[in-house]
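These are my notebook entries on a structure that I looked through for the first time. I set down what I looked up, entry by entry.

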Amino acid sequence: MNDDGKSFRQILRSTSIIGGATVINILIGLVRIKVVAIMLGPAGVGLIGLFNNLIDAAANVAALGTGTVGTRQIAEAAGREDAHAVADARRALFLGTLALAISGTVVFWALRDALALWVLGDATLSPEVGWLALAVGLTVAAASQSALLNGMRRIGDLAKVSVWSGMLSTALGVGALLLWGRSGLIVFVLVGPLTSLMLGHVYVARLPKVIARRTPLPALARQWGTMVKLGTALMVAGLAGTLGQLLVRMLVQRELDAEALGYFQAAATLSMTYFGIVLGAMGTDFYPRLTAVIHDNVAVNRLVNEQVEVALLIASPILLAMIGLAPWVIQTLYSSSFHPAAEVLRWQVIGDVFKVYSWPLGFMFLAAGAGRTLMLTEFAAAALFVLLTWKLLPAQGIVATGQAFVGMYLVYLSLVYWLGRRRTGFRWNHRVLRQMTLLLLTTVSVMIVSAWIEIAGVIIGTLGSMGLALYGFGRLGTMVNLEGRIGEAAKFSRRLLGKIGIDNG
């Protein structure tokens, strides 16, 4: 197999592992979503989303980006097969994260009264916000374990942690709601990071022991200096997106009502869930591989094009089906009272189309350690999301959040592509451009048809999704030279498409 085939096979393998874990978590999450929707309604779903967003924002600040930088440093050292450097990076990551997790917990708890008033608009929620401080510390610690496994390229272990923690947190969280009702909501929120930390520890303990020399303090200080310098920029970049989401939720709750916030949360949750199938592997495989070749512009551009193509082949049928089936998906996973979330979801799917195009380019700057560039692009995107939502809410209602999401990613795509051209001379190849155009045209068409005749949108979206899945399966089979029964099925799909004049070889 040539180098391109090996690269495509590696991308597909990682995507299948992480994507498979995500599919299992989606199935597990159906139970969790349904129970919360039935027991707490749109207002309860919205409050959980607000709690989780607040935790994410605080954990992002507390971690100072050390998880992402830790992955980068460990992956670089492992790529050089430098045992001493790997040991130094692992020790620095562990000790640094421990201090940051404790500090983040203490500071968040001290600010519980102010956060309850400013973010939630209800000072009586201060005790519940205080409990969220524990979730902040657990999230920071769990993220460092994922960073270590990621840097060591233990993709299978990451998938196992994801699946088992999803199963355990769902069982405990749903049990808490069934037992205590609304009073169990905090337990429902806390068990996620707690189970991730516990199971992450199990798999980290199985890694080869560090047998290199004990890391001297000056070496640790250099590692921490690198982590803080680049990590702070990454933290600010990540915080921009998280704060943008938090501000939009606050706008929706205050300009509309708690139920509208629940509709937004329902659509956003589904968008993030199915998108994990497509882009989950980027952080676990693509990012370390890109880091290893980041100084070779030709290799970088080839890897980005390959990643975009695989992401498009997998995402296209999912995105098209989601647009057509949005009302049915919302009603099935939540309840009929969440029907307004369907239109928000459709707009978010269009935004996700641009997200598929742009994310691999964003990883280019992450791998290069271009913290300032990342920070500026993320802030620009988040600011635009909040601004568009604020301007559109009075006229469009809750649908404004979906429309603002599209506007944000359209501008973000234009920005990162321009920056990518300047940094590496990046261009999409002709096959990627063709697939990008096809996906955008089909999703927009199905959305327009659905607005006129909903059942027609369902039929066209479903049939179109099946066609794109057939095309993607045939193309992936060509890329990686699939063998056996799967390979024969891929060849059959190519022959079938060839009879109607479509070449996906």
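Entry 1, the largest cavity. I looked up its lining and found Leu312, Leu313, Ser316, Gln435, Leu438, Leu439, Leu468, Tyr471 and Gly472. On a 1 Å grid over the protein atoms alone, a cavity is a set of points where a 1.4 Å probe fits but cannot get out, whereas a pocket is an open set with protein on both sides within 12 Å along at least five of seven lines; lining residues have an atom within 4 Å of a point. I noted that α10 (297-333), α14 (430-452) and α15 (454-480) each give at least two residues to the lining of this cavity. The space in the largest cavity is about 60 Å³, a volume being the space filled by probe spheres set on the points, with grid points joined across faces, edges and corners. I counted one cavity of 30 Å³ or more. By class, the lining of the largest cavity has six nonpolar, three polar and no charged residues. Here Ala, Val, Leu, Ile, Met, Phe, Trp, Tyr, Cys and Pro count as nonpolar, Asp, Glu, Lys and Arg as charged, and the others, Gly among them, as polar.

The model is predicted: local features need pLDDT of at least 70, side-chain atom pairs count only at pLDDT 80 or more, and totals for chains, interfaces and linings use all residues. Residues are numbered from 1 along each chain as its sequence is written, and side-chain values use heavy atoms, with hydrogens and water left out.

I found 16 helices and zero strands; helices (H or I, at least four residues) and strands (E, at least two) are DSSP runs, numbered from the N terminus. Of the 505 residues, 56% count as buried, where buried means under 20% relative accessible area, exposed over 50% and partly exposed in between (1.4 Å probe, protein chains only).

Two or more lining residues come from each of α3 (83-110), α5 (126-151) and α7 (185-204). The most come from α3, with eight residues. I recorded 13 nonpolar, four polar and three charged residues in this lining.

I found nine aromatic pairs in the whole structure. Rings of Phe, Tyr and Trp (its six-membered ring) pair if their centres lie within 6.5 Å; planes under 30 degrees apart count as stacked, over 60 as edge-to-face and the rest as tilted. Phe385 and Phe405 form an edge-to-face pair, 6.2 Å centre to centre with 75 degrees between the planes. This pair links distant parts of the chain, for Phe385 lies in helix α12 (residues 371-396) and Phe405 in helix α13 (residues 399-424), 20 residues apart. Both Phe385 and Phe405 are buried.

Why is the pair of Tyr409 and Tyr412 edge-to-face? The ring centres of Tyr409 and Tyr412 are 5.9 Å apart and their planes stand at 85 degrees, so the pair is edge-to-face. Tyr409 and Tyr412 both lie in helix α13, three residues apart, about one turn of the helix. I noted Tyr409 as buried, with a relative accessible area of 11%, and Tyr412 as buried at 6%. Ring pairs link Phe385, Phe405, Tyr409 and Tyr412 into a cluster.
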